[in-house]
Amino acid sequence: MSADVDDPFTLDVIASSLSAAADEMFAVLRKAAMSPIIYEVLDVGTGITDARGELVSSGAGIPTFVGMLDKAVKAIIALTSPDDIRPGDVFATNDPYFGGVTHLNDVVLAMPVFAEGRLVAWTANVGHWSDLGGAVPGSMWTEARDIFAEGLRLPAVKLFEAGKPIKPVFAILKANSRLPDLLEGDLWASIASVRKGAERVERLVDSYGAATVENAIAGMFAYAEARSRQGLALLPKGRLQVEERLDDGSLWRAAIEITEDRFIVDLRDAPDESAKPNNLSRDGAIIACQLIFKMATAPDMVCNAGSFRPLEVLTREGSIFDPRPPAPQGYYFETRVRLYDMLWRGLAEASPERMPAGHFASICSIVVAGRHPAHGRRFTLVEPQVGGWGATATRDGINAQFSAGHGDTYNCPVEIAEARYGLDYRRLSLNDEPGGDGLHHGGKGIVSEYAVRGTETVMTAGFSRSVEPVWGLNGGEAGTTNRVEILRTDGSVERHAVASAVPVAPGDSIRITTAQGGGWGKRA
């Protein structure tokens, strides 16, 4: 069956079907996974690309994860001979130097979809796997000096060939994890997800024909591009210089140039790549810029490869936003969210009536690993935190939300954390400390405190905005800072921001405090 490419009804049906397929992939992954970081926190993303790897549709989850899927698929295509891409194949990559974009914990699976004898699409997903080896439980070592220390690297390898599992690869994966059972469960959930998406795309092609589906996808790209260009036309033209002071005292600089037909982000004046694992791949930097561009031009549900055609990102190889191998990237997410925050601040200060003040701007990642007090099995808690968002020209900031780019994610419920990790929650409340005052007040962060009950417990943390407070806007006051503390049984308190494998004894408590958002305007 075929249809006229200009038929809007066919276009809408195919577009909605592709979106529904990505959503179904998300539901399969969520329901089948074994790790709370996936099925509770939803630290995942699902999507469908065309045959070239251009993003077509996405499911729920983390927008920055969705933004990495097309880049991962393109890398797989570039690294694989066309003759080695066949029906039933499934590929995996987690390495930012081989299309993985982020860090080794975030494993991308991608499956080519064939119809009418040719490649027509890819289905892909990504999820945070709790442990892939490396120096510390949770595979997120804050002291890593190269990517080799961060865990098992998967350089765009095949997991399945013509529908059959490549068993040695599965064995390698399990042998390199401290939590092999959870890894295997999450792996098969991801496999089920890409297969379900492929099945849906195949049915769609059976109904309309490959040419019609491809024509409809081209129409989707053109529509999304038009929406972005409409928004771009409304932005003030010119060049903005932006800079940001980091907790370590370093200064980041960037520029945003807005023309009639381009939105150019120039990151070439960035610091050199870091000896520590806070580097961000070029693709990761592009994702941060895509988020800013989308927010500024067309912040609606229509999002595909066409949405970003007017965007151009300039980086310098060897910088923190374009590192060279083997620079470590375990805490790339702090650099990504801070890059987004810096660009956001530049746009907000230029147009304070359109945008909110700063938010807590950190993933505030916590990894707690040890042995469960009830049965002695190993556990690894991996959890991002919520915090305060900035006030706007019309209202106070939002309380206790995830950081920018983290999308449809959730905190792990207290009941699940206590059951799965053997912790004893003592407090989970809004942060009432002063900060973020103004005509409109910044949103509140949280205070979360839990006592450790099990043995061999260690804590790893990666917090930014622990020194430099959240910025206010248009005369509004600054917010506060993020921090994590260990309350020892002897009454002493240790404050941390970036730390690896800190021992925590039974009875000690971990207390997390996230920042208040920035205020907007001066109080009358």
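**Note on a predicted model: a proline loop, a helix pair, pockets and cavities**

1. Start at Pro-356. Leaving aside neighbours within four places in sequence, Pro-356 is in contact with Trp-344, Ala-348, Gly-390, Ala-391, Thr-392, Trp-471 and Leu-473. Contact means heavy atoms within 4.5 Å. Pro-356 sits in the loop between H8 and strand E12 (365-371). Its C-alpha atom is separated by 7.2 Å from that of Ala-393, 37 residues apart along the chain.

2. A word on the basis. This is a predicted model, in which local features need pLDDT of at least 70 and side-chain atom pairs count only at pLDDT 80 or more, while totals for chains, interfaces and linings use all residues. Residues are numbered from 1 along each chain as its sequence is written, and side-chain values use heavy atoms, with hydrogens and water left out. Helices (H or I, at least four residues) and strands (E, at least two) are DSSP runs, numbered from the N terminus.

3. Why does the length of helix H5 agree with what it should span? H5 covers residues 180-208, and at 1.5 Å a residue its 29 residues should span 42 Å; the end C-alpha atoms are 42 Å apart, so the two agree. The expected span is 1.5 Å times one less than the number of residues. Gly-209 follows H5, and its phi is positive, near 90°.

4. H5 has a packing partner. Helix H4 (residues 167-175) packs with H5 at an angle of about 135°, with the axes 9 Å apart. H4 is therefore oblique to H5. Axes are lines fitted to C-alpha atoms, for helices over the stretch in contact, and angles run from 0 to 180 degrees between N-to-C directions. Angles under 35 degrees count as roughly parallel, over 145 as roughly antiparallel, 65 to 115 as roughly perpendicular, and the rest as oblique.

5. Which residues of H4 and H5 make the contact? H4 gives Phe-170, Leu-173 and Lys-174, while H5 gives Pro-180, Leu-183, Glu-184, Leu-187, Trp-188 and Ile-191. By class, this contact has seven nonpolar, no polar and two charged residues. Ala, Val, Leu, Ile, Met, Phe, Trp, Tyr, Cys and Pro count as nonpolar; Asp, Glu, Lys and Arg as charged; the others, Gly among them, as polar.

6. The search uses a 1 Å grid over the protein atoms alone: a cavity is a set of points where a 1.4 Å probe fits but cannot get out, and a pocket is an open set with protein on both sides within 12 Å along at least five of seven lines. Lining residues have an atom within 4 Å of a point. Grid points are joined across faces, edges and corners, and a volume is the space filled by probe spheres set on the points.

7. The second largest pocket holds about 540 Å³ of space. Its lining has 24 residues, and Asp-248, Asn-278, Glu-334, Ser-464 and Val-498 lie nearest the centre. Helix H8 (residues 332-350) supplies the largest share, three residues. The lining divides into nine nonpolar, eight polar and seven charged residues.

8. How many cavities of 30 Å³ or more does the structure hold? There are four. The largest cavity has about 150 Å³ of space. It is lined by 18 residues, with Asp-43, His-128, Phe-333, Ile-363 and His-406 closest to its centre. By class, the lining has nine nonpolar, five polar and four charged residues.

9. The second largest cavity has a volume of about 50 Å³. Leu-18, Ile-48, Val-120, Ala-121, Val-201, Val-213, Glu-214 and Ile-217 line it. The class count is seven nonpolar, no polar and one charged.

10. Two backbone points remain. The peptide bond from Pro-325 to Pro-326 is cis, with omega near 5°. Pro-326 lies in the loop between strand E11 (311-314) and H8. Glu-116 is not a glycine, yet has a positive phi of about 55°. Glu-116 lies in the loop between strand E4 (106-115) and E5.
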